[in-house]
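Trainee: Can we go through this one together? I'd like to start with a single side chain and then move on to the rings.

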Amino acid sequence: MRRALMVQLARLGDLLQTVPAITAITAADPALEVDLLCPAPLAPIGRMLPGIATVLEWDGVVWNHCAKATGSGLQSEHLQDAERRIRMLAPRQYDCAYVLNQHPRALLAGALLARAMIGPRREGPLGGQLTPWAAYIREVAVTGRGRQVHLADALCGICGVQPSGRLAALRRASCALPGEWDEIGQSEGRWVGLIVGAGDVERVVPLDTWRQWIIRFLEQDPRGRVVLIGQEKERGGQLIDLLPPSVLGRLWDVTGRTSLTELAEVLVRCHRVIGSDTGPLHLAAALGVAVIGIYFARARVHQTGPYGSGHLIWQAGETRENMPMAAGSIRPIRWPIEETVAALVEGRIGRSEGWTVWDSHCDRWGAYYSEANHSPTPPYEREALWRNMCSVVR
Amino acid sequence: MTYVRENLEGLRKTVPAFVEAVMSSAGNRLSMSSSREGSVTATCDGQWVHSAYDPRKEARTWAEAQRCEWKEGELGIVLGVGLLYHVEALAAIKPSGSRLAVVIPDPSIMKDAASARPMGAWFTDVEWLWGSAQAIAEQLGAYSTPLRVLTYGPAARLDAEFHEELEDALRRAVSERQSGRLHVAVVGPIYGGSLPIARYAVTALEALGHRVSWIDHSVHRSSYDALGTYREARHSQIMQGRLAEILSLSTITRLAEDPPDLVLAIAQAPLTLAVLEHLRKKKFLTAMWFVENYRHLTYWQQLASGYDYWFVIQQGACLEAFTRAGARFVGYLPMAADPAVHKPLVLTKAERTEYGADVSFVGAGYPNRRALLPRWLSDEWTFRLWGNEWEGADDLASVLQRGGARIDAETCAKVFNASAVNLNLHSCGGDRLDPDADFVNPRTFELAACGAFQLSDERSLFPDLFTDQEVVRFRSVEDVPTLIRTWLKDPDRRRAVAEAARRRVLRDHTYEHRMKKLLTSIGVRQPDRIGSLLRGDREAGILAARAGFVPELSKLLRQFPPGQRVELKDVAAGIRATGAGRELKREELLVLLLDSYRAETRDLV
């Protein structure tokens, strides 16, 4: 049996963006056994990815120690130790590694663990020339202008496959939540997961905005409940301090205290998840929960919007369909509080000054987004790019 | 005596002379008693050598703390004997492949220990080092393995002098074998008396073959002065403080761009505690040579915990004060001279006329100098006073040169060479000789290096640095005129004394000596980092020879000249330079992988 290894050593959001590529690779070669190499802390999510047989855990802390040990002089023992660790990860080399990061260590790990490598560089880890899809991703990252091919689909391109057009659901067994958290999602009413922070500081929605949002939502939906989600426990606490005591009985705070498995459980118990942190947003979307994404700063819906159908995205900036996005960081002048609450409670999507609103869709060329309240129109440019790339790649 | 024969029996085959020495010693240096927990414990002169409650538990805690530092393959050398609980605890957790040795300054203590309790199998696995400090140092100096000194304070203090002597001898033995090259970043002050010292340190380190990054903050002097011109002194102070903070951050940026093995700051270097703590987090090793009187400049109290190593020019109470303030290590490192700057000169007649005098004094106008120098003016000799900050010293106006302008090192050397008697009066407040006369100032070494005769006030630290035949000292103000008179009459003896002083400086007191000692002191405590570099363990030839059984690594290392220091980053850079477009070997991939993590650890800014 042929064995392949997906190498994804970036963050949670990037790991989840790998799902369409895994789906497409396993669909193209059902006999192929596919394993995943991911950062050790993300292994619980890695094990949920459909189509993955075994997850290899990459422990950055241990590698850091190994590198530090060479500070006393590079010796053969250091290389032998490094080799031993590689062998412990995978006693047998893979036939092929699909490397999905441009970071040197992902490329090096791929080269060490597999006999052949498909990835962002043409000639191995030190090759200077990018493959066409890697060049596309690099250009999008530099210019900020997407040609409306989603990053997850571009990763399919890097792997030499076309997206399947659907998002395979994560494999997950439900679990009990500790203590009073187990009440989350169990009573009637609309449960909303609110992601309070973001990995990148410039993507953080101000606490006062979330304060207003929670108050407004709970006013509009008397049976509504809010669960504060994210890694930032302090921020969760600060937000609670800002809220009137009257709403606290309808608020759960799990920030900074959930394992990834528990986070997944909390997310699936919510009816909607709202936030700007793309990691948990992608996780919610992959778990089949509809999300409302607040995209600003350097986040662009067409590149990294929640994958699949039925999600809503508020994108800062006056971008219209078929128009290029502005490059650089966009800082909103106002926040779409009323609009997102109305969409959530009444299903009504109105105009938002300084924002555009997008629905998510999927077709045979992958994900795309169309302006809300308009009939979905797959962007022509995306298909053209795929056709062009396919001819180049083949 | 119950256990002594039994305990020592196992050592009789390997170290019979040692066993005999222990058996024939008097013993009874320690007083035994029972601890609360029941095991035997000991005191010496009323002070506990081990815990009165639970000596084994205390020993385990100490051993675990040492184990964090003690690396695989290093020879651990324990200072402090006591009842050996700490050695037993250390032997139980020593790193694999490491050996453990204990220094025995006095067989009597060993006899006490061996008599007090039964020892286990570990007792015969330990190496016992005994004899004179010099002999032990030579024995240790001959080992090729890195040495890790582990001091058990409560017991080590009983033989503090012996250990000091041993450490000195060990430093000398190790420094004689220094061949490796370090990269040292020297951080200098914005201005002041320590600025030339920083420059001398840079020159000395370079002369020793090390690579030096000189972070020279004196280029910011004019900005610093400009910020001192506000009408309100408070504003000037705040603004100058802010500039110092900026320069501290600028230092970090320089360090990030070219990470050194050691950051050596010289007194008054603008490095804040926050920056020093950040450097420690990022695993930078820092040292400060505090070439100031610790009683006068007290900012060290705020920075004591910030540096990994402090070197000071005073001893005794100074070392204790730094330790109390949180310093991890404090060592004595006296001032010195740079013989390339301070040297005997052949002066022209015109220069002799311009700079010469029977008696000269070079220095700033501190209160004691203003009070005492007028008492040493006389019609019997000519007197010239050089230096700045003499405003208002009316009774010295007639002898003050160049209107009290600051003179540079070159002019100083000419004055020293042209004067028959150079007075050297250490500065202090008040109108007397320094009441806390301990450290010896740079001027002493500079005069000596010039081969110039000097009369210096007495200092308690003189005896270790110069003899009476090398530097003539006065102990009272009243003695000075007589001494001047005596020595002016005897040029031959003056020359003999001055030449002896110069010989001493060249032998023991140059900045190269100081830098060598400083690096060796750090190397002895950091055998895995600075120590291995100093031994030359990271030179390509040595690394390649050790990598013999991984031929690919050996091949990678042999691409460098054998004497060149090679780090992981250098090997990785070599692979990157030649690796594009070809299939990389497995060893090359592993080197690149490790290097990608190494680069992360120094992400400083």
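Trainee: Where is B:Met239?

Mentor: B:Met239 lies in helix 12 of chain B, residues 233–257 (helices are DSSP runs of H or I with at least four residues, strands are runs of E with at least two, and both are numbered from the N terminus). This is a predicted model, in which local features need pLDDT of at least 70 and side-chain atom pairs 80 or more, while totals for chains, interfaces and linings use all residues. Residues count from 1 along each chain as written, chains are lettered from A and ligands numbered from 1 in written order, and side-chain values use heavy atoms, without hydrogens or water.

Trainee: Why does B:Met239 count as partly exposed?

Mentor: Because its relative accessibility is 32%, and the class lies between buried, under 20%, and exposed, over 50% (1.4 Å probe, protein chains only).

Trainee: Switching to rings, how many aromatic pairs are there?

Mentor: The search over all chains finds 32, pairing rings of Phe, Tyr and Trp (its six-membered ring) with centres within 6.5 Å, stacked under 30 degrees, edge-to-face over 60 and tilted otherwise. One of them, B:Trp62 with B:Tyr152, is edge-to-face, at 5.5 Å between centres and 85 degrees between planes. The pair joins helix 3 to the loop between strand 7 and helix 8, 90 residues apart, and both residues are buried.

Trainee: And how do B:Trp289 and B:Tyr511 pair?

Mentor: Edge-to-face as well, at 6.0 Å and 70 degrees, linking strand 11 to helix 22 across 222 residues. B:Trp289 is buried at 0% relative accessible area, and B:Tyr511 is buried at 2%.
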